[in-house]
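Hi everyone, thanks for making time for this.

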Amino acid sequence: MIDIHCHILPGLDDGPSNMKRAVDMALCAVRSGTSRIIATPHFKNGVFKVSPEMVTASVEMFTRELKEKRIALDVLPGAEIRISPEICRQLDQGELLPLGASSYYLFELPDIFIKDGIIKLLRQLQQREVMPVIAHPERNRTIMRHPEMITELIFEKALFQITGKSITGENGKLSFRIARDMVKEGQVHFVASDGHSLRHRPPCISDTVKAVKKVGGEKAVRTIFEENPAKIVGSSARDGAMSKRVG
Ligand SMILES: [Fe+2]
């Protein structure tokens, strides 16, 4: 399985504070059936100062450590980018990291946002051939109040990633209801752990497969856990990612 959103790199954000904890998370992920993780530290969120170079260097160091310890986990660089009015400029200047080497970027909505502003941004991203993956809408305060926005944002080509623990009900009733309805409506493109540590959302998504299956059946499981993540990993901005998009 591929986990496209996980804070597993040591010492970069509020994920593991050191290499040992990061390795423990990797072991937990592998034991639960994950073979590949896209490491997505918080990016441009006003708290942690993380650059693309820092992520790349950290992934290389972590990969060496995993190889030494014979842990079969493939780690790719990525970022969870907080949406701001600066996004397009940052993108144009190469300051943002995609998921792997793809044209998909993971974006985090501000808690409070104006829908029209996000729609405008989505259209600007589309002009740049960026595939926006919106992280955990079911935990966003504005969307929790107005879940009808999800349909409108999908119309604007947004892709949605929900947190595993939302569909299992561990993030509260409202997040569960929104996640469940999204799965039913075919509005979930990815489920990810959003793991931070062994205690705070451990990096396991295998336990969420059952929950997705119960709500959306085998087809939803295949699309969410296999086909869509494989398209991110298999695509890149240079080798024809546009023809392989998740739709
Ligand atoms: Fe996250």
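**The sheet and the helix across it**

So, what we have here is an open sheet of three strands, ordered E1-E2-E4, with parallel pairing. On the edges you'll find strand E1, residues 2-6, and strand E4, residues 74-77, each of them pairing on one side only. On average, neighbouring strands in this sheet are turned by 25 degrees against each other, ignoring direction. Do keep in mind that this is a predicted model.

Let's look at one of the pairings. Strand E2, which covers residues 36-39, pairs with E4 in the parallel sense over four bridges.

Now, which helix lies across E2 and E4? That's helix H2, residues 52-68, and it runs at about 170 degrees to E4.

Within helix H2, I'd like to pick out valine 55. Is valine 55 buried or exposed? It counts as buried, because it has 21 C-beta neighbours inside 10 Å, and the cut-off for buried is 20 or more.

And what is valine 55 in contact with, once we leave aside its neighbours within four places in sequence? The list is Leu9, Ala39, Pro41, Val50, Pro77, Ala79 and Leu97. One more distance for you: proline 98 is 43 residues from valine 55 along the chain, and their C-alpha atoms are separated by 11 Å.

Technical notes
Residues are numbered from 1 along each chain as its sequence is written. This is a predicted model: local features need pLDDT of at least 70, side-chain atom pairs count only at pLDDT 80 or more; totals for chains, interfaces and linings use all residues. Two strands pair if DSSP finds at least two bridges between them. Helices (H or I, at least four residues) and strands (E, at least two) are DSSP runs, numbered from the N terminus. Axes are lines fitted to C-alpha atoms, for helices over the stretch in contact, and angles run from 0 to 180 degrees between N-to-C directions. Two residues are in contact if their C-beta atoms, placed from the backbone, lie within 7 Å. A residue is buried if 20 or more other C-beta atoms lie within 10 Å of its own, exposed if 12 or fewer, and partly exposed in between; C-beta atoms are placed from the backbone.
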